[in-house]
Amino acid sequence: MNDIMGIIFASDNETKLNELTLHRTTASLPFCGRYRFIDFTLSNFVNSQITNLGIITRNNYSSLTDHIRMGRDWDLNRKNGGIAVFPPYFSNSARSMNRGKIEALYSVLDFIQHAPEEYVVVTNSNIAANIDFESVFNYHMEKGADVTMLTYTACPNTSRKVIVKEDMAGRVTDMRITQTPSSTPAEIGLNIYLSRKDLLIDLITDSYERGYTDFEKNILQQKKDSLKIYGYHVDGYVGVIDDIKSYYHESMRILDTNLRNDLFTRNGTIFTKVKDSVPTRYRDGANVKNSLIADGCDINGTVINSILFRGVKVEAGAVIENSIVMEGGKVCSGAKMSYIIADKDVTITEDKKISGYETYPMVIVKGKTV
Amino acid sequence: MNSRKKECVAMLLAGGQGTRLYSLTKNVAKPAVSFGGKYRIIDFPLSNCINSGIDTIGVLTQYQPFALNQYIGNGQPWDLDRLNGGVYVLPPYMKAKNSDWYKGTANAIYQNIEFIDKFSPEYVLVLSGDHIYKMDYSEMLASHKKRGADCTIAVINVSLEEASRFGIMNTKEDGEIYEFEEKPKKPKSTNASMGIYIFTWEKLRRYLIEDEANKESSNDFGKNIIPAMLGDGCKLYAYNFSGYWKDVGTINSLWEANMDLLDPESGLNLDDDNHKIYARNSAEPPHYTGVDALISNSLVTEGCEIDGEVVHSVISTGAEVYKGAKIEHSIIMPGAKVREGARVSYAIVGDGAEIGAGAQVGSKQEKGEHCAIAVIAPGYKVEENASVKAGEMVE
């Protein structure tokens, strides 16, 4: 199945990740101890034989290009296809900062048009899931759909969500775009779409020329009756990150072994940049429970219900609970942290006690010392 | 097609069967044996080469080459996928006449003279694939050049008792070798050869051709080439190396070297950004330590799921330790499983092996030469509640 190309939006307007995306795109946000969000998208594509990919970036993309390099870690260093990165203003047709998906896609129309594939998947990059696009494609063909949109079941939060209703055959009959949180689970759009390339090109060109910027509102919602839009439900673990709370919550869900196996093995392996860290060393005072620990850590203290990224040092007597410590973190002796998201290279000095709340985890900005 | 000239080409002898590793090398060559959680033995010489600025390496394979070929691949994990140079796997091959297996270490290099000549090197570094150590070969090469040597042999100081197990280099004060003794009963010095040679290629080339012409020769560096060069008055020098070095050709030494990783005093530290050891990565998620886990003084690698007790052990990529299991002073190789309530003590559990629930493998040992390490062959399944005695090897 080599007839599909992929377009990835590395940044998007809707997420509210504040400090965590101060210096990086959503796509390069670290997740699950050794990954970046884009690893899931890239791996799903590669595992589904989709190997001609364009990544549209807006700002802060050096962390992304540094992570991807030539795409070798995902087997995407190809003579034919592979990864092309499109920053704003990369060509004459890319005349804006991409105020939305329509402008972003318009800026890469040439790339899409000239690709040999007949179909295209466009996706956001704030999604951690293990998706088989081959079965999405089969579904699309079976339904004779114009657009297949992937959906999952969740409770809407305060971020912008597209809530869909489908008929018995799976055709989308109603779309509601909302930012009102609810405790009732609903079928929500994942911001992943599959369609024929020529149809997408027509839709984007027409909407761009009319000055539209909102893909969901100006295209999907408006044309839901004339276009055959079908919903493809993704089950198993689906982690969509759009604010600090969801980042924390989705990270912690990975401590569940069934969900973790689902994310990492369901349809194929999740690849990431290889850093050649040594195995993690547990010393005599180590006490680790229910935690996910990447390579290169050095653990002398207590780690409970937490996620440690690569190369985190935990000194004797330090206690890390319900927290996420990103690469290169250091927690000195006697320090205690609870409900903390420590970005890369954070140091918690001796005997410091810091705590957030489950409903409001505290973020410590990259490189800071507490 | 002429390759660009290289100052120094490395030839890595990786064809040995490693019979003294028993079932661990039944299906793979010794250099492909797992080490230290996420490495294989061959990662050490390959990483040493790239860390020393040597980017052209021929890997001489013969015994069970498939796993090794697959592991080395295009050399990318070691940054050895180069346009000029890089890593080449060199098995014996059919020639118009005189086709043969590699008969000895020197014959293996002899059969690849053409390969080496393509890079027109001044020097050839000969390495073996069964040692654990970190070394900057460029310093050894500098010493070779400075002394105008024909051959430089890396040596390490061993104890007098150990010396009779090694090839011993007897040297003058300035390091010039005047005598080489293979496993001497009464060693005159304690300079043990590490199996690392730098030759001036022009010289070595001549000696390889002469040695090949001699039907009596066993075509071995230690037995034939070095003595012949000494006999002719060539300039052979010892190069003293003082870091960690261990031959891991036996079950006990392989076990000890793994245990040395756990000992901060051993001198074997792999967590060094200036001299990383690279390995082919198997893309596993971080390891998970469960609510019932208790881990101390151990190494745990990506992809592991640990819910039992682990004491002073090395747990390799993707291994699983179930609730109630206890592992002490052992090496669990990649993908092995230790089921509920099993006990593993002073043992090596091979790749993908499984220890059934309640089984007992090995038992407490005193450290030292007579330490009896139990070995479970790769892929072998120890039945539930079965027992494998100390030092026993099952396959």
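This is a predicted model: local features need pLDDT of at least 70, side-chain atom pairs count only at pLDDT 80 or more; totals for chains, interfaces and linings use all residues.

1. In chain B, helix α8 is followed by B:G233, whose phi is positive, near 75°. The helix covers residues 221-231, where helices (H or I, at least four residues) and strands (E, at least two) are DSSP runs, numbered from the N terminus.

2. Residues are numbered from 1 along each chain as its sequence is written, chains are lettered from A and ligands numbered from 1 in the order in which they are written, and side-chain values use heavy atoms, with hydrogens and water left out.

3. What area do chain A and chain B bury between them? The value is about 2,900 Å², with 46% of it on carbon and sulfur atoms; buried area here is the accessible area (1.4 Å probe) that two parts lose on being put together, summed over both. On the chain A side, A:D276, A:P279 and A:Y282 lose the most area to chain B, and together they make up 22% of what that side buries. The contact (heavy atoms within 4.5 Å) takes 34 residues from chain A and 37 residues from chain B.

4. The polar part of the interface comprises 21 residue pairs in polar contact, both residues at pLDDT 80 or more. A polar contact is a pair of N or O atoms within 3.5 Å; within protein, one must be able to donate a hydrogen and the other to accept it, and residues adjacent in sequence count only if both atoms are side-chain atoms. On the side of chain A that touches chain B, α9 (257-265), β14 (280-282), β15 (287-289) and β16 (291-293) each supply at least two residues, and α9(A) gives the most, with four residues. The residues of that side divide into 15 nonpolar, eight polar and eleven charged.

5. Four salt bridges are counted between chain A and chain B, a salt bridge being a side-chain nitrogen of Lys or Arg within 4 Å of a carboxyl oxygen of Asp or Glu. The side chains of A:D295 and B:K38 meet in a salt bridge with an N to O distance of 2.9 Å.

6. The chains are also joined through strands: β14(A) and β16(B), the latter residues 298-300, pair in the antiparallel sense over three bridges, and A:T280 has B:V300 as its bridge partner. Two strands pair if DSSP finds at least two bridges between them. An open sheet of eleven strands, mixed in its pairing, runs from β26(A) through β14(A) and β16(B) to β31(B). Because β26 (347-348) of chain A and β31 (393-394) of chain B stand at the edges, each with a single partner strand, one side of each is left without a neighbour in the sheet. β31(B) runs parallel to β28(B) (residues 374-376), to which two bridges join it, and B:V375 stands opposite B:M393.

7. Strand β1(B), residues 8-13, has six of its six residues buried, so it is largely enclosed by the rest of the structure. B:C8, B:A10 and B:L12 point one way, and B:V9, B:M11 and B:L13 the other way. β1(B) runs parallel to β6(B) (residues 123-128) over six bridges, with B:A10 partnered by B:L125; β1(B) is also parallel to β4(B) (residues 56-60) over four bridges, with B:M11 partnered by B:G58.

8. Helix α9(B), residues 251-260, is likewise largely enclosed by the rest of the structure, because nine of its ten residues are buried; B:W255 and B:M259 are among them.

9. Two residues of chain A remain. A:S207, in helix α6 (residues 197-209), is buried with a relative accessible area of 1%, and, leaving aside neighbours within four places in sequence, A:S207 is in contact with A:I102, A:Y212 and A:I219. A:D66, in helix α2 (residues 62-68), is partly exposed at 47% relative accessible area; the C-alpha atoms of A:D66 and A:K273, 207 residues apart along the chain, are separated by 9.7 Å.

How values were computed
Buried means under 20% relative accessible area, exposed over 50%, partly exposed in between (1.4 Å probe, protein chains only). Ala, Val, Leu, Ile, Met, Phe, Trp, Tyr, Cys and Pro count as nonpolar, Asp, Glu, Lys and Arg as charged, and the others, Gly among them, as polar.
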